[in-house]
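Here is a short briefing to read alongside the model. Please have the sequence and the 3D view open as you go.

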Amino acid sequence: MPGADPTLEAILDAAVVEFERHGFRRVALDDVARRAQVSRTTIYRRFSNKDELVAAVIERENVRLFTDIANELKQAGPQANYYVEAFTLSLLKFRHHRVLDQMITDEPGLVLELAGQHYSAAIERMAEALRVIFPTGFTERIGEQAVTELADTILRYAAMALLLPSAQPLETADDIRAFARRHFLPSLPVALRAVPTG
């Protein structure tokens, strides 16, 4: 990525490893500095506190995650239902992410706190992924507001499925697809009820 700050990337990479090993709340900036082989002052030049570092890590990992979801769905070609597949893959990818899944499992309160602070950015990341996977011209047909509403709906249902216990299993892709067809699809905004078809 042109113009990337290698020191910043080293700090974020180190933070991911530390968060994975010790959890978000238990990591000290000294640990991140040591792993990144930079001084604590170098970290404070980029982040005024640990909360800003956590937010930067979450933002970077979300960008990577949503880009990965969009690319995988785009490469898979036409889908039976883009909404169901985007929802299913989002849950599966989140559950297999080394840090984001740990945060949901070990620190659900932090997830809700961060969602309150950074939800708009998460919606935009999801909306960007949807624009990539939709067939050509579909975004223009339904409008940007509908894409944003879909991104919001996916994230809300994903948070529910990830944070709350379920009466039915939501472990496999087929389990998640069945849940999405039963609960997620009927809740979509009116403009989105028709499945995009090219």
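Which backbone nitrogen lies 2.9 Å from a polar atom of the side chain of Asn49? In this predicted model, that nitrogen belongs to Glu52.

- Asn49 sits in the loop that links α3 (40-46) to α4 (50-76).
- The relative accessible area of Asn49 is 33%, which lies between the 20% and 50% cut-offs, so this residue counts as partly exposed.
- Leaving aside residues up to four places away in sequence, Asn49 touches Leu29 and Tyr44.
- Leu29 is 20 residues from Asn49 in sequence, and their C-alpha atoms are 8.4 Å apart in space.

**How α4 and α7 pack**

- The axes of α4 and helix α7 (residues 108-133) are 9 Å apart, and the two helices pack at an angle of about 20°.
- Because angles under 35 degrees count as roughly parallel, α4 and α7 are roughly parallel to each other.
- The crossing of α4 past α7 is right-handed.

**Who makes the contact**

- On the α4 side, the contact is made by Val54, Ala55, Ile58, Glu59, Val63, Phe66, Ala70, Leu73 and Lys74.
- On the α7 side, the residues are Leu114, His118, Ala121, Ala122, Arg125, Met126, Ala129, Val132 and Ile133.
- Sorted by class, the contact of α4 with α7 holds 14 nonpolar, 1 polar and 3 charged residues.

How values were computed. Residues numbered from 1 in each chain as written. Predicted model: local features only at pLDDT ≥ 70, side-chain atom pairs only at ≥ 80, totals over all residues. Heavy atoms only, no water. Helix = DSSP H or I, 4+ residues; strand = E, 2+ residues; numbered from the N terminus. Buried < 20%, exposed > 50% of the residue type's maximum accessible area, 1.4 Å probe, protein only. Contact = heavy atoms within 4.5 Å. Polar contact = N/O pair within 3.5 Å; in protein donor to acceptor, adjacent residues only side chain to side chain. Axes fitted to C-alpha atoms, helices over the stretch in contact; angles between N-to-C directions. Parallel < 35°, antiparallel > 145°, perpendicular 65-115°, else oblique. Left-handed = near helix turned anticlockwise from the far one by under 90°. Nonpolar A, V, L, I, M, F, W, Y, C, P; charged D, E, K, R; others polar.
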